[in-house]
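Me: I'd like to talk through a protein model with you. Could you take my questions one at a time?

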Amino acid sequence: MPIDLGKEWTDRLDRVEALAVSKKISAEDRSHLAAFPEVVVLTHLILDPPTTALDPKELYLATTTELSRRFARIYTTLGTQDPLYRRFCLYRERDFREAPG
């Protein structure tokens, strides 16, 4: 991700693992728990983008702007390697071209 969330996730994971009950939870589930807040935001933005713009690049820019706002960090775009760019621009353009009608 162009926004580095590693420190927050590591801090949360350390707090979770400090609890005695965490020994009963798998390492994978503890990792999911640490990343949960950001995963919810990302999922919501990908499934329900903040704009109805039909232009894929406008949709991409609106989504990255909203991510920056919600995470209070600048979303550094990675060009065509950015997973959100690929989702909104590359895959969406292909889907529109292949759509019947």
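Predicted model: local features only at pLDDT ≥ 70, side-chain atom pairs only at ≥ 80, totals over all residues.

Me: Nice. Are α2 and α3 roughly parallel or roughly antiparallel to each other?

Reply: Helix α2 covers residues 27–47 and helix α3 covers residues 56–71, with their axes 11 Å apart. The two pack at an angle of about 155°. Angles over 145 degrees count as roughly antiparallel. The relation of α2 and α3 is therefore roughly antiparallel.

Me: And how many residues of the contact of α2 with α3 are nonpolar?

Reply: On the α2 side the residues are E38, V41, L42, H44 and L45, and they meet T63, E66, L67, R70 and F71 in α3. Of the residues in this contact, three are charged and two are polar, and the number of nonpolar ones is five.

Me: Which residues of α2 are buried?

Reply: Across the protein chain, 30% of the 101 residues count as buried. Being buried takes a relative accessible area under 20%. In α2 the residues that pass are R30, A34, A35, E38, V41, L42 and L45.

Me: One last thing, friend: where in α2 does the kink lie?

Reply: The kink in α2 is about 60°.

How values were computed: Residues numbered from 1 in each chain as written. Heavy atoms only, no water. Axes fitted to C-alpha atoms, helices over the stretch in contact; angles between N-to-C directions. Helix = DSSP H or I, 4+ residues; strand = E, 2+ residues; numbered from the N terminus. Parallel < 35°, antiparallel > 145°, perpendicular 65-115°, else oblique. Contact = heavy atoms within 4.5 Å. Nonpolar A, V, L, I, M, F, W, Y, C, P; charged D, E, K, R; others polar. Bend = angle between axes of the 7 residues up to and from the residue. Buried < 20%, exposed > 50% of the residue type's maximum accessible area, 1.4 Å probe, protein only.
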